[in-house]
Amino acid sequence: MAVAKALVGVPSFYTRILSLFPPDINFCFAYGSGVVKQSGSNSKNPNMIDLIFAVNDSLSWHRKNIEMNPSHYSFLKWMGEGSVATYQDHWGAKVYFNTLVPIPSENVMIKYGVVSQTSLVSDLLDWSELYLAGRLHKPVQIVRPTSDSELRSALQKNLHSAVHCALLLLPEHFTEKLLYRTIIELSYRGDFRMTFGEDKNKVENILEPQFALFQEIYRPIIKSLHDYMDVQETGLCCQDPGTLAKLHHLNQLPRAPQRALVRFWNRGSGNLRQDTEDVLRAVAHDPECSSILQSRLEDIVWASSVRQSLKGILTAGILKSIQYSVKKIKKMLASTRREV
């Protein structure tokens with residue numbers, strides 16, 4: 001599984017951290033600047049560790065976790081595990097985060113998100129939220145691999161979708177570095193937090209120190225698309241700019257972007273609505289194909305990022321929300337000062 005090749009070996013402290021939670025976690029990965037090296041991060045002052053737990057039964061898992069770790073939750077725990085699970089599965093990006101959780105035994109602070117495996121697979125395959133799918137476009141640390149064939153397949157399909165989508169956004173000639181930058185930006189452009197509250201150099205901070213990891217993840221996929229693109233040893237790339245190639249990539253897009261394209265194309269058309277096949281063919285012929293697709297992706301990212309951020313105010317509680325926001329703003333201001 002290409003995504004699992006990003007970082008091999010699981011540090012023992014991850015295993016010890018997982019032992020503090022209910023055991024029925026089907027898949028777990030760690031991500032972010034506290035896990036994978038990013039430019040500008042301070043190793044003497046490590047960032048918070050971000051974790052995602054994929055579980056089969058959200059209700060059962062939260063019930064056990066509230067018993068084991070009640071201090072991790074905001075006031076929502078008093079409404080019962082049923083309300084917590086419902087809030088997770090039906091609001092925002094379908095992830096329930098507990099943030100600023102101290103792990104004294106490891107001298108670290110963590111933020112962990114809980115997602116049902118069904119919701120995770122849906123986002124990976126459909127980009128319904130382009131939230132966790134976007135995080136998994138980038139190198140992560142697989143803490144607990146999955147043995148579930150459906151999830152393994154969805155993780156792979158998500159990476160292939162990212163390449164097809166990026167090629168639609170890129171010109172005929174580009175560099176391998178620009179390809180990976182475009183993939184990173186799929187889930188950042190449109191995120192309202194990138195306007196205020198995130199490091200302005202976030203994309204470059206990810207790409208520069210992780211370039212070799214991106215190559216390890218995406219080179220096999222690029223080779224499988226040799227009929228549509230080519231990468232030279234120098235890092236220069238070229239792709240087939242023809243309509244048939246664009247139509248192929250459009251047909252390989254996840255369901256949510258395809259549906260967004262159909263809605264956009266059929267706006268104001270009355271009863272003369274075209275189906276998905278006709279719309280994708282028309283978009284492939286349109287010289288503005290790239291900008292049309294980019295706008296639809298930004299709409300998806302904007303909606304999910306706003307809903308999830310608002311959701312986080314309740315899951316974290318007011319005090320922790322303020323503390324977390326202050327940390328983000330400090331990082332943003334630090335990046336701005338480095339630019340001056």
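Colleague: Where is leucine 130 placed?

Modeller: Leucine 130 sits in the loop between α4 and α5 (132–135). Helices (H or I, at least four residues) and strands (E, at least two) are DSSP runs, numbered from the N terminus. The model is predicted: local features need pLDDT of at least 70, side-chain atom pairs count only at pLDDT 80 or more, and totals for chains, interfaces and linings use all residues. Residues are numbered from 1 along each chain as its sequence is written, and side-chain values use heavy atoms, with hydrogens and water left out.

Colleague: What is the phi of leucine 130?

Modeller: Positive, about 50 degrees, although leucine 130 is not a glycine. Most residues other than glycine have a negative phi.

Colleague: Is leucine 130 buried or exposed?

Modeller: Buried, with a relative accessible area of 2%. Buried means under 20%, exposed over 50%, partly exposed in between (1.4 Å probe, protein chains only).

Colleague: And where is leucine 100?

Modeller: In strand β3 (residues 96–103). Leucine 100 has a positive phi of about 50 degrees and is not a glycine. Leucine 100 is buried, at 7% relative accessible area.

Colleague: Switching to helices. At what angle do α4 and α6 pack?

Modeller: About 30 degrees, for α4 (residues 117–126) and α6 (residues 149–169), with axes 8 Å apart. Axes are lines fitted to C-alpha atoms, for helices over the stretch in contact, and angles run from 0 to 180 degrees between N-to-C directions. So α4 and α6 are roughly parallel, a label for angles under 35 degrees.

Colleague: Which residues of α4 make the contact?

Modeller: Gln117, Leu120, Val121, Leu124 and Leu125. Contact means heavy atoms within 4.5 Å.

Notes: Parallel < 35°, antiparallel > 145°, perpendicular 65-115°, else oblique.
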